[in-house]
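This report describes a sheet, its turns and its aromatic contacts. Please look at the sequence and the structure below before reading on.

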Amino acid sequence: MKCGEPDWKESHKQEIVEKLEEDTKRKTVVTVEEWTYNFGPDKFIRIFTFRNGKLVDIRTDGYGYQEMKKEEKR
């Protein structure tokens with residue numbers, strides 16, 4: 001909520017296989033979402049990773065970029 005809507009969202013399913021005993025395994029499918037925020041050319045891009053709706057990681061990428069104005073896109 002504090003950051004607002006991300007500039008980019010990506011979502012996929014991930015299958016996790018756990019070995020419980022010698023011949024027993026458990027498969028779990030989780031939804032992984034990555035939300036990318038661009039805070040402009042003077043700050044780093046932030047990528048938030050969620051697993052089943054729970055925030056599990058925040059990492060930075062390169063510097064952000066300047067958003068194009070509507071007039072520039074034409």
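Rings of Phe, Tyr and Trp (its six-membered ring) are taken as a pair if their centres lie within 6.5 Å; planes under 30 degrees apart count as stacked, over 60 as edge-to-face and the rest as tilted. The model is predicted, so local features need pLDDT of at least 70 and side-chain atom pairs count only at pLDDT 80 or more, while totals for chains, interfaces and linings use all residues. Residues are numbered from 1 along each chain as its sequence is written, and side-chain values use heavy atoms, with hydrogens and water left out.

**Aromatic contacts**

A search of the whole structure finds 4 aromatic pairs. One of them is formed by Tyr 37 and Phe 39, which are stacked because their ring centres are 5.9 Å apart and their planes stand at 5°. Another stacked pair is Phe 44 with Tyr 63, with centres 4.5 Å apart and planes at 25°. That pair links distant parts of the chain, since Phe 44 lies in strand E3 and Tyr 63 in strand E4, 19 residues apart. Tyr 37 and Phe 39 also belong, with Phe 48, to one aromatic cluster.

How exposed are these residues is listed next, where buried means under 20% relative accessible area, exposed over 50%, and partly exposed in between (1.4 Å probe, protein chains only).

| Residue | Relative accessible area | Class |
|---|---|---|
| Tyr 37 | 5% | buried |
| Phe 39 | 38% | partly exposed |
| Phe 44 | 37% | partly exposed |
| Tyr 63 | 53% | exposed |

A further ring contact involves a charge, which sits over a ring if NZ of Lys or CZ of Arg is within 6 Å of the ring centre and within 35 degrees of the ring normal. The charged end of Lys 9 lies over the ring of Trp 35, 4.7 Å from the ring centre.

**The sheet**

Strands (E, at least two residues) and helices (H or I, at least four) are DSSP runs, numbered from the N terminus. Two strands pair if DSSP finds at least two bridges between them. The order E1-E2-E3-E4 describes an open sheet of 4 strands with antiparallel pairing. Strand E1 (8-21) and E4 stand at the edges with a single partner strand each, so one side of each is left without a neighbour in the sheet. Direction ignored, neighbouring strands of this sheet are turned by 25° against each other on average; axes are lines fitted to C-alpha atoms, for helices over the stretch in contact, and angles run from 0 to 180 degrees between N-to-C directions.

Strand E2 (residues 24-37) is joined by 6 bridges to strand E3 (residues 44-51), and the two run antiparallel. Here Val 32 stands opposite Arg 51 in E3, and Glu 33 is opposite Phe 50 in E3. E3 pairs with strand E4 (residues 54-63) over 7 bridges, again in the antiparallel sense. Phe 50 has Leu 55 as its bridge partner in E4.

**The turns**

The hairpin of E2 and E3 has 6 residues between the strands, and Gly 40 there takes a positive phi near 105°. What phi does Asn 52 take in the hairpin of E3 and E4? With 2 residues between the strands, that hairpin has Asn 52 at a positive phi near 50°, although Asn 52 is not a glycine. Most residues other than glycine have a negative phi. Asn 52 is exposed, with a relative accessible area of 52%.
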